[in-house]
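Reader: I'm new to this structure and would like a close look at just one part of it. Could you pick a strand and walk me through what surrounds it?

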Amino acid sequence: MASLWTGLLLRIAKHWIAGETCEDAFARAQQSNALGIHGIINLLGEEITSREETTAATDKILEILETIKARRIESCISVKPSQLGLAIDQSLFRDNLSKILDKAKSLGAFVWVDMEGSPFTAQIVDSYLEFRKRYDNIGVAIQAYLRRSEGDVNRILDLGGAIRLCKGAYNESPEIVYKRRNQIDENFSKLMRIMFERGKGFAIATHDEKLIEEATNLSNVHHADFEFEMLMGIRDKKKLELFQRGYRVSEYIPFGKSWWAYSMRRIREHKSNIFLLARSLVSG
Ligand SMILES: Cc1cc2nc3c(=O)[nH]c(=O)nc-3n(C[C@H](O)[C@H](O)[C@H](O)COP(=O)(O)OP(=O)(O)OC[C@H]3O[C@@H](n4cnc5c(N)ncnc54)[C@H](O)[C@@H]3O)c2cc1C
C-alpha cells in the first residue's frame with residue numbers, strides 16, 4: 001500500500017523533477033540544451049542530520065560535475081547548504097562546499113547555493129560572503145519576501161558576488177517576511193533594479209510575467225550580464241520565447257530520491273497543482 005501511494009506521488013512529482021537518477025537529470029539537461037536552454041542540475045536533499053549522508057551527497061555532486069564536463073552538457077549545479085551539513089555544523093558544511101567549489105573551479109563550472117528557510121539565512125549569506133573572497137565561481141539565491149534582503153543584496157554586490165533573485169518558497173512568519181503578494185512583488189522589483197544597476201552575472205529567477213517583462217525593460221537600459229532562470233516543468237513556452245528573443249535562459253533541474261519536500265513546495269505555491277494532485281490520485 002505504501003509503495004502504491006509513493007508511486008502515485010512520484011508520478012505527480014515528475015512534473016517538477018527529472019527523475020530519481022543522475023542519468024534522468026543529464027537527459028533532461030541535454031533535451032533543454034538542444035532547445036537553447038542551459039541546465040542547473042540539483043541533487044535533491046535537505047536538512048540532512050547524518051555526517052555520512054552529507055559526505056555521500058558531496059561525493060555524488062563531485063561525480064555530477066565530472067559527468068557534466070565529460071559529456072559537454074551546458075549546465076551548472078545548485079546545492080542546498082543543509083544537504084552539505086549546515087543543519088549539523090558550520091565547519092562540516094564549509095568543508096563539503098569547499099570540495100565542491102575546488103572541483104567546479106578545476107572544471108570551469110559554476111555553483112549556485114540555494115537559499116533555505118529562515119533558520120539558515122544569516123549563516124548562508126555570511127558563508128557566501130566568505131567563500132566569494134576565495135572563489136569567483138559561486139552565486140547565492142536571495143529571497144525577495146525577506147525583509148532583510150535589501151541589505152544582503154547590497155553586501156553581496158559590494159563584493160562583486162552573483163545573486164539569483166527569487167521570491168522565496170518557505171512558510172515564514174510576518175515578522176521577517178512580506179506576506180502580501182503585492183509587497184513581495186514590489187520588493188522583487190526594487191531588488192531587481194539594484195541588481196541591474198550594480199550587478200553582473202546575476203539571475204532573475206521567476207515565472208511571473210510582469211516581473212520578467214520588467215527585467216527585459218531594465219536590460220534595455222542597463223545592458224547587464226544576466227540570465228533568466230525558471231524551474232523544470234513550469235512555463236516551458238516562456239523559456240523558449242525568451243531564448244528566441246535573445247536572452248540567456250537556464251532551467252533548474254532537480255533529481256534524486258528525496259523529492260518530497262521540494263514537490264510539496266511546488267504544490268503549495270500554485271493552487272491548480274492541488275487539482276493536478278487530486279486528479280492523479282482519482283485516476284490512479
Ligand atoms: C531557478 C529558480 C531557483 C529557485 N531557488 C530558490 C531558492 O534557492 N530558495 C527559495 O526559497 N526559492 C527558490 N525558488 C522558488 C521561488 O522562490 C518561488 O517559490 C517560485 O519560483 C514561485 O515564484 P514565482 O516567482 O514564479 O512567482 P509566482 O507569483 O508564485 O508565480 C508566477 C506564475 O508562475 C507560474 N507558477 C509559479 N509557480 C508555479 C508552480 N509551482 N506550478 C505551476 N505554475 C507556477 C504561474 O503561472 C504563476 O502565476 C527558485 C525559483 C527558481 C525559478
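Predicted model: local features only at pLDDT ≥ 70, side-chain atom pairs only at ≥ 80, totals over all residues.

Author: Let's start with a term: two strands count as paired if DSSP finds at least two bridges between them. Four bridges join β6 to strand β7, residues 226-231, and the two run parallel.

Strand β5 covers residues 162-166 and β6 covers residues 202-205, and they pair in the parallel sense over two bridges. Here L165 has I204 of β6 as its bridge partner, while R164 stands opposite A203 in β6.

Next, the faces of the strand. In a regular strand the side chains alternate between the two faces of the sheet. In β6, F202 and I204 sit on one side and A203 and A205 on the other. Are these residues buried or exposed? They're all buried, and both faces of β6 are covered.

How does the chain get into β6 and out again? On the way in, β5, helix α7 (residues 181-198) and β6 make a right-handed β-α-β unit. On the way out, β6, helix α8 and β7 make a right-handed β-α-β unit too.

On the α8 side, the contact is made by E209, I212, E213 and T216, and on the α9 side by K238, E241 and L242. Those contact residues divide into two nonpolar, one polar and four charged.

Step back and you can see where β6 belongs: a closed barrel of eight strands, running β1-β2-β3-β4-β5-β6-β7-β8 with parallel pairing. From one strand to the next, the twist averages 30°. Elsewhere on this sheet, helix α3 (residues 51-70) packs against it, touching β1, β2 and β8, and the direction of α3 makes about 170° with that of β2.

One last stop, in β1. That strand covers residues 38-43, and H38 is in it. Buried means under 20% relative accessible area, so H38, at 17%, is buried. Leaving aside residues up to four places away in sequence, H38 touches N33, E74, R248, V249, S250 and E251.

How values were computed: Residues numbered from 1 in each chain as written. Heavy atoms only, no water. Buried < 20%, exposed > 50% of the residue type's maximum accessible area, 1.4 Å probe, protein only. Contact = heavy atoms within 4.5 Å. Nonpolar A, V, L, I, M, F, W, Y, C, P; charged D, E, K, R; others polar. Axes fitted to C-alpha atoms, helices over the stretch in contact; angles between N-to-C directions. Right-handed = clockwise from strand over helix to strand, strands pointing away.
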